[in-house]
Amino acid sequence: MLSDTDFLRLLPKAELHCRFISTMRVTTLQELTRRDGIPLRTDDLEELLNYQGLPDFLDVFDAAQQAMRAPADIARVAYEGVVDAVRAGNLRYREYFVNPDNFAALGVDYPALIDALVEGFGRAEREFGVGYRIITAINRSLGPDAAVAMVEMVLAHPHPAVVGIGQDYLTPELAEDPLRFVEAYALAERNGLRCSAHVGETTAASPQNVRDAIETLHVDRVDHGYRVVDDPDVLELARLAGVAFTCTPHSTYELSDWGFEPGHRIAQMIRAGLVVTISTDDAVFFKTDIGREYTVALPAMGFELADAARLARAGFEAAWCDEASKARMLAEADGLIAALIAAREG
Ligand SMILES: [Zn+2]
């Protein structure tokens with residue numbers, strides 16, 4: 001009989017909140033940084049990911065970014081990240097946050113970046129059937145004008161794989177401040193891009209940030225959003241709007257020190273009837289993968305196998321791919337889930 005852990009690991013999964021840089025295989029990080037003479041804190045790869053604080057994490061993240069200046073390296077990382085996630089947790093579809101400003105600073109222009117990503121993700125799709133879309137991330141530390149310029153650039157180079165905008169980093173004051181980026185979101189929405197925002201994540205955040213993202217930025221999805229449970233009115237607004245939340249359990253452990261228990265905010269969000277999907281955010285660099293989010297975090301937060309199957313399915317439902325692809329993925333997912341249930345009973 002199939003064990004609980006194998007059931008959870010083998011559930012077909014769609015991940016909607018995943019930073020591309022953090023899908024880099026750690027051995028590839030070591031190889032590329034050695035080649036380019038980029039220093040890492042230690043040669044011990046286990047130790048490298050044991051951070052003493054946020055600066056250690058940012059060092060690793062920056063080194064990974066610095067090591068990806070050539071299209072061939074970007075395509076390799078894109079491909080390997082899918083291979084690993086299929087093995088770790090039966091990934092079937094993923095949407096990636098990609099930050100064009102970071103790559104531009106290294107001399108990789110936007111069209112070259114997208115071509116390289118599509119080469120790697122496309123190869124993985126042909127070999128493993130794992131679908132993908134790209135979300136360009138507003139770097140909040142660069143301010144509202146840079147955000148508008150980034151959206152203009154995306155619109156000037158339309159590509160079928162690039163479906164929306166999101167965010168990364170924080171403002172220079174280490175705030176979320178969604179309303180600072182209202183112009184970029186309005187431009188994206190007017191031109192048919194889907195929109196998500198990182199709100200309600202940090203200790204400085206409030207439920208109002210979630211309300212602003214929904215009511216003023218008109219987001220289709222909220223990334224993180226954990227502070228929504230602190231205000232019943234905002235919780236009800238989010239529930240009625242049907243907006244999906246992309247939650248990342250292990251990142252809350254790393255960044256906020258929240259243990260996995262039934263009172264965890266993500267568990268509260270699920271029990272309150274919000275549409276919640278499960279992702280990794282910084283998979284490799286937070287020592288997690290899409291399998292572990294299901295096999296470790298969900299059971300510890302008190303969820304049963306049927307809940308996990310429902311959450312996995314919600315990931316496909318909330319995807320930003322075209323409707324025909326979504327219908328095909330959902331049919332495939334339903335077949336796989338039914339087979340897993342049968343294997344449990346057998
Ligand atoms: Zn995130």
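## Sheet and helix packing in a predicted model

An open sheet is formed by 8 strands, ordered β1-β2-β3-β4-β5-β6-β7-β8, with parallel pairing. The edges are held by β1 (13-15) and β8 (275-278), each with a single partner strand, so one side of each lacks a neighbour in the sheet. On average, neighbouring strands of this sheet are turned by 25 degrees against each other, direction ignored. This is a predicted model, in which local features need pLDDT of at least 70 and side-chain atom pairs count only at pLDDT 80 or more. Residues are numbered from 1 along each chain as its sequence is written, and side-chain values use heavy atoms, without hydrogens and water.

Strands (E, at least two residues) and helices (H or I, at least four) are DSSP runs numbered from the N terminus; two strands pair if DSSP finds at least two bridges between them. Strands β5 and β6 run parallel and are joined by 4 bridges; A197 has V222 in β6 as its bridge partner. Helix α10 packs on the sheet and touches β5, β6 and β7, its direction making about 170 degrees with that of β5. Contact means heavy atoms within 4.5 Å, and angles run from 0 to 180 degrees between N-to-C directions of axes fitted to C-alpha atoms, for helices over the stretch in contact.

The axes of α8 and α9 come within 8 Å and cross at roughly 15 degrees. The contact involves these residues:

| Helix | Range | Contact residues |
|---|---|---|
| α8 | residues 144-156 | A147, V148, V151, E152, L155 |
| α9 | residues 182-190 | E183, A184, L187, A188 |
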